[in-house]
Amino acid sequence: MTGALAALRQVLTAAAEPGRAPAMRAYMREQFDFLGVPTPARRRAAKAFIHAGRDMDSAQLLALAEQLWQQPEREFQYVAIDLLDRHIARLTPDSLPALEALVQSKPWWDSVDGLASWVIGGLVGRHRALQARMDQLSRHPDIWLRRVAILHQLGYKTSTDHARLFDYCAANAGDAEFFIRKAIGWALREYAYTAPDAVRDFVNATPLAPLSRREALKHFAKEPA
């Protein structure tokens with residue numbers, strides 16, 4: 001794995017535009033270093049690295065993701081998320097604790113949202129018994145794990161467990177944390193494309209923060225009068 005990481009660093013460095021790095025750091029509020037690799041270029045550069053994951057089992061994939069997480073530049077965490085997303089079928093229910101640990105390591109909306117909607121959401125979608133753990137996370141003291149619970153069904157559409165979605169949103173509606181309020185609005189807005197009446201009824205019946213309500217109803221604001 002060390003050789004693979006060294007090779008990845010080499011191709012990412014070659015694809016980097018160092019002049020972009022300061023703006024990328026600023027966008028993430030100076031919390032992370034960047035090489036300066038735009039997303040399309042990063043994905044092209046990491047394609048072979050990610051493809052090699054086809055020969056790994058869940059433990060190997062998670063170990064590699066952890067090594068990527070330990071790298072100082074944020075692009076490596078993005079590669080880890082792409083790696084896990086690409087090989088989601090190889091992850092097992094036992095992978096969830098390691099994924100939660102990644103959520104809590106170097107947490108910010110960019111990594112948390114990728115893990116929530118692509119990786120953890122994909123895993124729970126394949127193993128619905130894990131929804132019981134999402135129930136627990138929806139009340140967790142860690143705001144990022146609660147954000148995961150709220151957002152993990154983003155891509156589920158008609159497969160959304162709307163009772164759980166609404167329960168998680170209602171349980172967190174009084175939280176003053178921006179990232180929780182934003183997550184509630186985002187989750188409801190996405191589900192509104194599938195079940196607009198249900199979302200409208202929930203929003204009208206629930207004392208949501210103005211930010212959550214505004215985000216949830218963006219879809220309806222575009223409807224013709």
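1. The buried residues of helix α1 are Leu5, Leu8 and Leu12, where buried denotes under 20% relative accessible area, exposed over 50% and partly exposed in between, with a 1.4 Å probe and protein chains only. They lie on the same side of α1 because they cover an arc of only 60° around the axis, the arc being that of the directions from the helix axis to the C-beta atoms. An α-helix has 3.6 residues a turn, so residues three or four places apart point the same way. On the other side of α1, the exposed residues are Gly3, Gln10 and Ala14.

2. This is a predicted model: local features need pLDDT of at least 70, side-chain atom pairs count only at pLDDT 80 or more, and totals for chains, interfaces and linings use all residues. Residues are numbered from 1 along each chain as its sequence is written, and side-chain values use heavy atoms, with hydrogens and water left out.

3. Helix α1 spans residues 2–15, which is 14 residues, and reaches 20 Å from its first C-alpha to its last, close to the 20 Å expected at 1.5 Å a residue. The expected span is 1.5 Å times one less than the number of residues. Helices (H or I, at least four residues) and strands (E, at least two) are DSSP runs, numbered from the N terminus. The cover over the buried residues of α1 includes α3 (39–45), α4 (47–51), α5 (58–69) and α6 (74–86).

4. The largest pocket holds about 280 Å³ of space. Of its 16 lining residues, Thr39, Arg42, Tyr78, Asp110 and Trp118 are the closest to its centre. A pocket is an open set of points on a 1 Å grid over the protein atoms alone, with protein on both sides within 12 Å along at least five of seven lines; a cavity is a set where a 1.4 Å probe fits but cannot get out, and lining residues have an atom within 4 Å of a point. Grid points are joined across faces, edges and corners, and a volume is the space filled by probe spheres set on the points.

5. Helix α8 (109–126) provides the largest share of the lining of the largest pocket, six residues; α2 (21–27), α3, α6 and α8 each supply at least two. By class, this lining has eight nonpolar, three polar and five charged residues. Ala, Val, Leu, Ile, Met, Phe, Trp, Tyr, Cys and Pro count as nonpolar, Asp, Glu, Lys and Arg as charged, and the others, Gly among them, as polar.

6. The second largest pocket has a volume of about 210 Å³. Its lining includes Tyr27, Trp108, Asp113, Arg147, Phe179, Lys182 and Glu215. Helix α12 gives the most to this lining, with five residues. The lining of the second largest pocket divides into six nonpolar, no polar and six charged residues.

7. A search of the whole structure finds one cavity of 30 Å³ or more. The largest cavity has a volume of about 40 Å³ and is lined by Ile150, Gln153, Leu154, Thr160, Leu165, Ala187, Glu190 and Tyr191. Helix α12 (residues 178–192) gives the most to the lining of the largest cavity, with three residues. Five of the lining residues of the largest cavity are nonpolar, two polar and one charged.

8. Alanine 192 also lies in helix α12 and is buried, with a relative accessible area of 0%. Leaving aside neighbours within four places in sequence, alanine 192 is in contact (heavy atoms within 4.5 Å) with Val199, His219 and Phe220.
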